[in-house]
Every structure is written in C-alpha cells, then in structure tokens.
Amino acid sequence: MIHCYQFNEHNIVLDVNSGAVHLVSGVAYDILNFIHASGVFPPPGETPGTTPGGDLAPEGPLAIALCAALAEKHPAGVLTEALAEIRALAEAGMLFTDDSQVTPDMLEGRGAVIKAMCLHVAHDCNMACRYCFGDTGAFSGPRGLLSRETGKKAFDFLIRQSGARRNLEIDFFGGEPLMNFGVVKELVAYGREQEKRAGKNIRFTLTTNGLLLDEEKEAFINRHMDNVILSLDGRPEVNDAMRKTVGGQSAYARTAGNLRRFQQSRQGTYYVRGTFTKYNLDFSEDVRHLAEMGFPGVSVEPVVADKTRDFALREEDVPRILEEYDKLAQLYLEYAERGQTFAFFHFNMDLSQGPCVVKRVSGCGAGTEYVAVSPEGDIYPCHQFVGEPDFKLGNVNDEGFHNALYERFNAAHIYNKPACAGCWAKFYCSGGCHANAWHENEDLLKPYALGCALEKKRVECAIGIAAHLAPPRLP
C-alpha cells in the first residue's frame, strides 16, 4: 500500500507498511500515482521473477501498462529510468512492502499494567464552557473535590498496578484543578515520598484554564510540574463565544493576562490548548493569535459534540476544515522562514523515529495502560468515560482490582477495525480515539469518521512540512 500526494512543490509518496517517505520526481510520482489508482501493486516475494518490484521490469505486465498510459506525458527512456529507481526501492524494502512485521498476536498477553493516570481533583469549575464534554466540570454527577485521602489511595493504586514500569505519569485534571490546589500540593509531596520507596519516577502534568493562576501557584507549578496545559481558544471574540465564567462574564482578558505572566516565569514544558467549533472554522487565525502572543507550543483541537448542538462540526464542514489545515501549514512555514517556528501539536512529527510498532498498532492506552480516577475514587478507562456506569472499572478504595474491560480495550487495535484495513494513515493515528468512537458509534471498533478525515490531513501536512524544511536524501 502506498499513498501519493503533493505538498507545495514536493511530490510525496508514503510506503504505508514500512513508514518510508519518499520525495520523488514528477515522472516517478506519475508512475506511482498510476499504480496506486489502478489498485494493482507489484507482489512482494523472494524468488526470482517475483521479487518486490518484479512486475515493474520493462517486460513486466504492470510496466507495460503504465508505459502505455503515460507515453504521451513522458518519453519511454525517462519512464524506464524512473521505473528502475522505483524497482530498486521496492527491492530494498522501502516501497510496496507488506505488513508482515506486525501481527495481531503481538498485542496479546501484554499484561494489564497501568502507567498513567488522569486524576480528577475537582469535579467543579469556575467556567461554564458551552462545549465542555465534562458537563462544565461535574461529569454528569455531583460537584465535589477530591479528598487528600482518596488522592493518596489513587497514587498507591497506580504504583501497585504499574508492575515493573518505572516511569509513571499523573495528570491533575478537572473541572478546574486549581480549585483544589491545597490537595494538589499535598499529593505531589506524597507522590515524591512514594516514588522513592517504590523505585519509581512520577511525571506530573497540570491542566488548567488559568483563571486562578497567581504568583504563589506559579512558583509551585514551576518547581513540581513537568508539563502544564493551559486552556485558551484563540482570539478574544472566539474564546468568549464559548468560554465564559460561571457568571457569564468574559474570561479572555483575565485568562490571557495570567497566561502571559505564567509564560514569563515558566522554565519547563507547557503548551496552550484550544478548541475550534463550527463558529471559527478559520482556526488558523486563532493559532496565529496564540503564536503571536509568544506561546511556543499550541494545540487547537476540533470540538467533539452531539450533532444537535449548534456549534458541532458536521460532514459538510470537512472540506473547509481541510483547507484551513493547509493554511495553517503555510503559516507554520512562514514562521519557520523567519526563524520563529512555533510547535503546533499535530504537525510535530519525527520521521527518523517514533513510537514502537506495537504502539502504532494499538494507539491510545485508555482502558489498558491509562485510567482516570474521579473525586470519589471511581476508576474509568479515560477522562472522557468518567461518569458512565457501563465503563466503571472499580474504585481505589476497593480491595484488589480486576479490569473487566481490559480485553475489550486491548482488542480495539487497527487489525480489528475494518475501517482501518485500507487506510494509509493507520500507523500514524493508530485507530483514533476510543472515546470518540464510542460516543459517535457506540462501537470501539468503528472509528469516528470525521476525526479520521481530519487526522489524515494533519498527517499529510506534518510530513509535508518535514519534507519542506529538511528534505531527506533519496538512496
């Protein structure tokens, strides 16, 4: 399987199964595009006459067919030379490869080891964002704060369930976690004590809307939080259309001021995360706004909401959104040319290495190696399942723990998802978000189609940007 597309002046061909990315000439691109469109690929093999690319030999049936089809566009000698280069790539295992290096049984018997936790320290919020999947912080239940006792049991649970894994992650989440900042401070201290005793290393993250940030909190966060996620949607009018305080007041000015001050003091990793809806399909301007505010890392995500909501994204919005990602890619390159590159989350891609092959197949660790814990101590596959009774896995106060949904989530990999079988981006998105699949289709094995379309475009832009900024050498 191959995927061919063009980005600016580059002709890009992705070999899906090997992950090889090729920048090719116009002639080679036309040949490979013809092969892709015909659906007839050179068979992989090892015996003479059936070696990878063997059908591309001058006397091969595929070579004869494509030379005839492209004769008016390219001279025969040029086609023959390009075919020889393509055949060499195939024989080197960099084109037309199969996926024999990955088998579904690689995902079996991995063991239910938990390495990351989203700890809900507050099921309450000082904002009432219209698109909040967590019911403005309440998660369809009573509003409340995590107690220090339950928080400590959650830490103990993670350490106990982590097995031999040394590096663990805890995200202080909400609602708004700064509404329960005293408990956050106590739990960080407790975590540092317990990690030493258990021989672990805990990496802390805090997600906040920033309204309660002050110098005291900033100092603590800078000392103890490995990563910070700050919520702001972009331009003032865009942010305030969806993100208001509980009392209905504008939140932009106060939030932006606090985030700017935090930015000046922050030494560690952080980024700003926004959401775009049907009302700001020109979201590249919101990314521009955040970049011009000086934030080095930006993520603007598509809203996921019931289609009856006025701000929800729908299929008819997809072409417009794809155009906007193209605009965003050009904005990224404009900044890079001025030496002012900002990191847009979905365009960060390392083509020289990446997640291990098992991770590429299984994707999100929700329900297997990642869980969320509510203020009551209830355990769920991830933060987007919190409050749903059918997905409750247990409670940190219980004696013992058995994840009854482990096999179900462990089986939700790309080889069990029919929609992923013929998708060129399957090793990049790894099947997509489990929660989105369930909430859209009530089926973990049926990906969220709109999300798939957007992810494929983001991957194309990311690879195109990498190719434009640092073109790899062809063999």
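**Labels and their grounds**

Modeller: This is a predicted model. A place to begin is the sheet, where T205 stands opposite N227 of strand 9.

Biologist: What makes strand 8 and strand 9 partners?

Modeller: Two strands pair if there are at least two bridges between them. Strand 8 (residues 201–208) and strand 9 (residues 227–231) are joined by 4 bridges, so they pair. The two strands run parallel.

Biologist: What packs on the sheet at strand 9?

Modeller: Helix 8 (residues 252–265) does, touching both strand 9 and strand 10 (269–276). The direction of helix 8 makes about 155° with that of strand 9. Angles over 145 degrees count as roughly antiparallel, so that term applies to helix 8 and strand 9.

Biologist: What is the strand order of the open sheet?

Modeller: The order is 12-11-10-9-8-7-4-13-14-15, which makes 10 strands with mixed pairing.

Biologist: Why are strand 12 and strand 15 called edges?

Modeller: Strand 12 (343–344) and strand 15 (394–395) each have a single partner strand, so one side of each lacks a neighbour in the sheet.

Biologist: Why is helix 5 described as roughly parallel to helix 6?

Modeller: The axes of helix 5 (residues 181–198) and helix 6 (residues 215–224) cross at roughly 25° and come within 12 Å. Angles under 35 degrees count as roughly parallel, so helix 5 is roughly parallel to helix 6. The crossing of these two helices is left-handed.

Biologist: Which residues make the contact between helix 5 and helix 6?

Modeller: From helix 5 come F181, K185, V188 and R192, and they meet E216, K217, F220, I221 and H224 of helix 6. By class, this contact of helix 5 with helix 6 has 4 nonpolar, 1 polar and 4 charged residues.

Biologist: Why is D317 called buried?

Modeller: The relative accessible area of D317 is 6%. Buried means under 20%, so D317 qualifies. D317 lies in the loop between strand 11 (297–302) and helix 10 (318–337). Leaving aside residues up to four places away in sequence, D317 touches K278, L281 and A312.

Biologist: Which residues of helix 9 are buried, and what covers them?

Modeller: In helix 9 (residues 284–292), the buried residues are S284, D286, V287, H289, L290 and A291. Their cover includes helix 7 (236–242), helix 8, strand 10, strand 11, helix 10 and strand 12.

Biologist: What is found just after helix 9?

Modeller: G294, which takes a positive phi of about 95°.

Terms used: Residues are numbered from 1 along each chain as its sequence is written. This is a predicted model: local features need pLDDT of at least 70, side-chain atom pairs count only at pLDDT 80 or more; totals for chains, interfaces and linings use all residues. Side-chain values use heavy atoms; hydrogens and water are left out. Axes are lines fitted to C-alpha atoms, for helices over the stretch in contact, and angles run from 0 to 180 degrees between N-to-C directions. Angles under 35 degrees count as roughly parallel, over 145 as roughly antiparallel, 65 to 115 as roughly perpendicular and the rest as oblique. A crossing is left-handed if the near helix is turned anticlockwise from the far one by less than a right angle, and right-handed if clockwise. Contact means heavy atoms within 4.5 Å. Ala, Val, Leu, Ile, Met, Phe, Trp, Tyr, Cys and Pro count as nonpolar, Asp, Glu, Lys and Arg as charged, and the others, Gly among them, as polar. Buried means under 20% relative accessible area, exposed over 50%, partly exposed in between (1.4 Å probe, protein chains only).
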